[in-house]
Amino acid sequence: MEYANHLNEYAPACSAARIDEEVARIRAIAAERNYRTEVYKFCYSAIDLTTLSCNDSVASVTEFARKAAEFYVKYPHIPNVVSICVYPAFVDTVGLAVDGTSMRITSVGGGFPASQTFLEVKALEVAMAVENGADEIDIVLNVGKMLTGAYDEAANEVEVIRAEMDEDIVLKVIIESGALKTPELIRKASLLSMFAGADFIKTSTGKIDVAATPEAAVVMCQAIRDYYEKTGRKVGFKAAGGVRTPEEAALYYTIVEEVLGKEWLTTDLFRIGASSAANNLLSAIEGHEVKYY
C-alpha cells in the first residue's frame, strides 16, 4: 500500500526550537505537580519489565519473571508491572512463570534491534513469538529506509508484520528516534507506523547511544494527537531506553498528560520500557532503597 502520500495530509513537525520550549514548559509542570508517590505508582504499573541481554538464559529469565509474578505478595499496595518483555525464544519461559496472573508477555521481534534481515524472517519470527504465547510484539521500523526516504517500503514492512497476528495482539513499533534525529523524520516515522497498523509507537530499542528523549516524546505524542483527530483511533506511546529515575518516568507521564490528555494515562495507552527504573521507582514509593530486581 502507498502510505507516504498520506503524510501530506498532516502539518510538518514543529521546529526544534519550539519543541525545546515545549519540553521546558512540561519539565516545570512535572516538577511542580507530578514528582509524587501516586504518579510513581502509576509509572511502575505502566512498565514493560525488560530483560534483553546476550546472557539471558532459561534459568535467568525464569527467575526474573518469577519475581515479577510474586511481586504482589510483598507489595500488595503497589500495582504490578503490566508486562515482561523478552526475546522471542523466552516467550514460553515467561508464560510458565506468570501463568495464573494478569501479567502480559511482550516479545521483541522482526529482527530486533536493527531490523536488518529479510522481511520473511521478520514475519516468521513474529508469528512464532505469537504462537508461543506473546500478547504484545515490539518491532523496529527500518531506520535505513526512513533515512533514505523509502517511506512506503518502511511502512509496508509494518503492514506485513501486522498481518501475522490477530487483532487482539498489541503491536508496538519502535521508531529509533535517536537515529532519526530531526523532529520532521521522527514525526514521519510516527505517522507512517500508525498508518500501517501500530497500536503503540515507541521511542527506542535502548541499543544505540541516543535512546528516549523528552524532545522525541513530544514530537511523537503530537503525531499521535494529530492522527487521532483525523482518524478517531487512539494509539499508545511508549518511552524506552534510558528511562531510569522516578523523575524521568514522571516527565514522560507529564508529556503524555499535557500533549494527549489524561485519557491517555492508562496502561492501554502509556508504557515505559525499563529494567533499572523499576527498582528506582520502588525506592521512591517506599521511601528507602529497594533492590527487588
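The residues lining the second largest pocket divide into 6 nonpolar, 3 polar and no charged. Here Ala, Val, Leu, Ile, Met, Phe, Trp, Tyr, Cys and Pro count as nonpolar, Asp, Glu, Lys and Arg as charged, and the others, Gly among them, as polar. The model is predicted: local features need pLDDT of at least 70 and side-chain atom pairs count only at pLDDT 80 or more, while totals for chains, interfaces and linings use all residues. Residues are numbered from 1 along each chain as its sequence is written, and side-chain values use heavy atoms, with hydrogens and water left out.

The second largest pocket has a volume of about 150 Å³. Its lining consists of Ala68, Ala69, Tyr72, Asn80, Val81, Val82, Thr101, Ser102 and Met103. A pocket is an open set of points, on a 1 Å grid over the protein atoms alone, where a 1.4 Å probe fits, with protein on both sides within 12 Å along at least five of seven lines; lining residues have an atom within 4 Å of a point. Grid points are joined across faces, edges and corners, and a volume is the space filled by probe spheres set on the points.

Next comes the barrel. 8 strands close into it in the order E1-E2-E3-E4-E5-E6-E7-E8, with parallel pairing. The twist averages 25° from one strand to the next, where axes are lines fitted to C-alpha atoms and angles run from 0 to 180 degrees between N-to-C directions. Strands are DSSP runs (E, at least two residues), numbered from the N terminus, and two of them pair if DSSP finds at least two bridges between them.

Strand E1 (residues 47-50) pairs in the parallel sense with strand E2 (residues 83-86) over 3 bridges, and Thr50 has Cys85 in E2 as its bridge partner. E1 also pairs with strand E8 (residues 270-274), again parallel and over 3 bridges; there Leu49 stands opposite Ala274. In a regular strand the side chains alternate between the two faces of the sheet. Both faces of E1 are covered: Ile47 and Leu49 on one side, and Asp48 and Thr50 on the other, are all buried (under 20% relative accessible area with a 1.4 Å probe, protein chains only). E8 pairs with E7 as well, in the parallel sense over 4 bridges, and Ala240 stands opposite Gly273 in E8.

The largest pocket has a volume of about 350 Å³. Of its 20 lining residues, the closest to the centre are Thr50, Thr205, Gly206, Gly241 and Ser275. Strand E7 (236-240) and E8 are the elements that give two or more residues to this lining. By class, the lining has 5 nonpolar, 11 polar and 4 charged residues.

Terms used:
Buried < 20%, exposed > 50% of the residue type's maximum accessible area, 1.4 Å probe, protein only.
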